[in-house]
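Hi,

Here is the structure I said I would pass on. Have a look, and my notes follow below.

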Amino acid sequence: MPSIFTHAAAALALGTAFRAPSPPARFWVAGALCAVVPDLDAFALRWVPYDHVLGHRGITHSIAFAAVCAAAVVAAAFRSWPGGPAVPLAYLWIATASHGLLDMFTDGGGGVALLAPFTDERLFFPWRPILVSPMSASRFFTERGARVFASELRWVWLPCAVLVVACIAVRRRRQR
Ligand SMILES: [Zn+2]
């Protein structure tokens with residue numbers, strides 16, 4: 001996985017493409033949390049094999065899980081969203097799904113069950129420039145962790161910054 005900070009940052013950047021004017025804090029908090037939730041499956045590794053559909057990078061990293069997760073969060077917190085729940089639903093779906101997609105760019109770990117429950121096949125993109133992050137927080141603050149974060153800055157944070165600047169520029173242009 002990229003680190004949880006990077007998954008959350010990617011979700012926040014994606015939010016700039018979706019947000020209505022002056023979104024409440026819960027829009028951003030929900031996006032960041034949804035992007036991190038898939039890695040809760042790491043806690044199941046004690047009982048479930050890594051490559052099981054309930055194992056790490058299994059069904060919680062799928063597009064289908066992202067849809068269910070987004071729908072649940074919208075039902076709990078965004079039903080009265082101005083203009084209807086479609087915008088937060090689309091944003092939270094993409095924010096959650098971005099997790100599995102980013103994991104598919106990493107150079108280690110197992111593949112991602114992106115299409116579960118329809119197939120358990122573990123997938124990677126053919127191009128995997130992001131160094132895989134250590135699973136334990138203590139190992140993240142090491143020399144290896146620093147190299148991982150540098151690779152995340154280059155391959156995730158930098159494109160996210162470009163996306164944010166582009167979305168803000170487009171919005172300002174439309175307002176004129
Ligand atoms: Zn993950």
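Predicted model: local features only at pLDDT ≥ 70, side-chain atom pairs only at ≥ 80, totals over all residues.

I started with α3, which runs over residues 63-77. Its 15 residues reach 21 Å from first C-alpha to last, close to the 21 Å expected. Phe65, Ala66, Cys69, Ala70, Val73 and Val74 are the buried ones in this helix. They sit on the same side of α3, because they cover an arc of only 165° around the axis. Ala72 and Ala75, on the other side, are exposed. As for what covers the buried residues, that includes α2 (25-36) and α4 (86-103).

Leaving out residues up to four places away in sequence, Ala70 touches Cys34, Leu89, Leu92, Trp93 and Thr96. Ala70 also turns up in the largest nonpolar core, which has 35 residues: along with Ala10, Ala11, Cys34, Leu92 and Ala95, it touches the most other members. Two or more residues of this core come from each of α1 (4-15), α2, α3, α4 and α6 (143-175), and α4 gives the most, with 7.

Then there is Pro159, which lies in helix α6. Is Pro159 buried or exposed? It has 12 other C-beta atoms within 10 Å, so it counts as exposed. Its C-alpha is separated by 9.3 Å from that of Ala13, 146 residues apart along the chain.

Cheers

Terms used:
Residues numbered from 1 in each chain as written. Helix = DSSP H or I, 4+ residues; strand = E, 2+ residues; numbered from the N terminus. Expected span 1.5 Å × (residues − 1). Buried ≥ 20, exposed ≤ 12 C-beta atoms within 10 Å, placed from the backbone. Arc of directions from axis to C-beta. Contact = placed C-beta atoms within 7 Å. Core = buried A, V, L, I, M, F, W, Y, C linked by C-beta atoms within 7 Å.
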